[in-house]
Amino acid sequence: GRPAGNGAMDKTVVKAFQVLEALSGSGRPRGITEMAGELGMTKANVHRLVRTLKELGYVSQVTDTSRYEPSLKLWQLGASVVDRLDLTVVAAPVVRQLRDETHESVQLAVRDGDTIVYVDKADSDRPVRATTQIGSRVPINCVSTGKAFLASCDQAYAALAFPLKRSTAATVVTRAAVDAQLKEFRKLGYAINRGEWRDGIWGVASAIRGSDGAVVGAIGIWGPEDRFQGSALKDCGSAVIRAAAEISTRMGCRASLRATEQSKGTRH
């Protein structure tokens with residue numbers, strides 16, 4: 001017969017992925033006749049595609065039945081992609097988008113024991129702004145990105161040694177006061193630093209989760225106290241929730257989609 005041209009080859013690939021997606025999205029084994037009806041293909045065509053996918057290891061046949069289901073090879077492929085994701089690279093466009101949206105300085109942070117390390121930033125375009133250096137290290141309990149870790153990560157909280165060291169008159173240092181703060185932050189979905197690291201500098205932040213749901217970072221906005229009052233504080237809080245959820249989604253965290261939807265209801 002005539003060799004398949006590029007168009008025919010493309011169609012075959014498309015149909016193979018349609019079969020694979022139908023199997024993956026159903027949550028149960030499927031039969032050839034059922035999939036053929038759903039996809040608008042002939043049974044012979046679906047059977048041929050399924051047989052090929054089975055030979056390649058992407059589909060397996062349920063023992064003693066004529067039904068098929070996706071194999072773990074799909075999961076292995078996805079996991080290998082997620083493992084290559086780098087938080088700084090994945091988050092970079094969201095960091096800058098958040099700065100453009102709020103016109104405040106934005107920081108991306110990771111945890112190292114009882115400290116926070118800034119791994120990326122985008123400075124505000126306003127004349128008066130808060131700024132820091134990439135690589136700088138600060139106490140986890142004093143800044144909003146650190147507080148986001150404390151509110152979302154048991155290991156981060158366990159690393160605290162009370163009473164905490166005071167950086168400003170506003171720094172919360174007792175276990176009872178910190179616990180009360182974290183309870184508030186969990187309810188809000190974002191953490192707040194009310195001048196606890198530098199006098200007159202406030203910030204808000206939300207935690208970023210990886211593919212396994214664990215907290216891998218935090219994204220925060222910070223600036224002069226007078227720009228973080230009333231509805232402006234809530235707006236910034238909603239903005240960091242959405243940004244953290246977007247980065248989490250890009251890191252492979254499915255649960256972050258719920259946070260994105262919830263934040264839409266908190267916009268002001």
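Tutor: Let us start with Arg96, which is partly exposed at a relative accessible area of 32% (buried means under 20% relative accessible area, exposed over 50% and partly exposed in between, with a 1.4 Å probe and protein chains only). The model is a predicted one, in which local features need pLDDT of at least 70 and side-chain atom pairs count only at pLDDT 80 or more, while totals for chains, interfaces and linings use all residues. Residues are numbered from 1 along each chain as its sequence is written, and side-chain values use heavy atoms, with hydrogens and water left out.

The partner of Arg96 is Asp120: the two form a salt bridge whose closest N and O atoms are 3.0 Å apart (a side-chain nitrogen of Lys or Arg within 4 Å of a carboxyl oxygen of Asp or Glu). This pair links distant parts of the chain, with Arg96 in helix α5 and Asp120 in strand β5 (residues 115-122), 24 residues apart (helices, H or I of at least four residues, and strands, E of at least two, are DSSP runs numbered from the N terminus). Whereas Arg96 is partly exposed, Asp120 counts as buried, at 7% relative accessibility.

Another salt bridge joins the side chains of Asp123 and Lys121, at 3.3 Å from N to O. In this pair Lys121 is buried, with a relative accessible area of 18%, and Asp123 is partly exposed, with a value of 26%.

Gly220 belongs to strand β9 (residues 215-224) and counts as buried, at 2% relative accessibility. Apart from its neighbours within four places in sequence, Gly220 has contacts with Ser105, Val106, Gln107, Thr145, Val204, Ala205 and Val240 (heavy atoms within 4.5 Å).

A further pair, Arg30 and Glu34, meets through its side chains in a salt bridge of 3.1 Å from N to O. Arg30 is buried at 4% relative accessibility, while Glu34 is partly exposed at 33%. These two are part of a network of salt bridges that links Arg28, Arg30, Glu34 and Glu38. Over the whole structure, a search finds 13 salt bridges.

Some charged residues gather in another way. Lys11, Lys15, Arg48 and Arg51 form a patch of positive charge on the surface. A patch takes residues with over 30% relative accessible area and no salt bridge, joining like charges within 9 Å and nonpolar side chains (Val, Leu, Ile, Met, Phe, Trp, Tyr) within 5 Å. Lys and Arg count as positive and Asp and Glu as negative, with His and the chain ends not counted; each charge is placed at NZ of Lys, CZ of Arg, CG of Asp or CD of Glu. Helices α1 (6-26) and α3 (43-56) each supply at least two residues of the patch. Arg48, for instance, has its place in α3 and is partly exposed, with a relative accessible area of 43%.

The backbone deserves attention as well. His103 is not a glycine, yet its phi is positive, at about 60°. The residue is placed in the loop between α5 (87-102) and β4 (105-112), and its 34% relative accessibility makes it partly exposed. Asp64, likewise a residue other than glycine, has a positive phi near 60°. Asp64 lies in the loop between β2 (59-61) and β3 (67-70) and is exposed, with a relative accessible area of 80%. The peptide bond from Phe162 to Pro163 is cis, its omega being near -5°; Pro163 lies in the loop between α7 (154-158) and α8 (175-188).

Finally, the whole protein. Its secondary structure comes to ten helices and nine strands, and 43% of its 268 residues count as buried. Among contacts with a separation of 6 or more, 53% are between residues 24 or more positions apart. The accessible surface comes to about 14,300 Å², and 53% of it belongs to carbon and sulfur atoms (areas come from the Shrake-Rupley method with a 1.4 Å probe and, for residues, only the protein chains shown count as cover).
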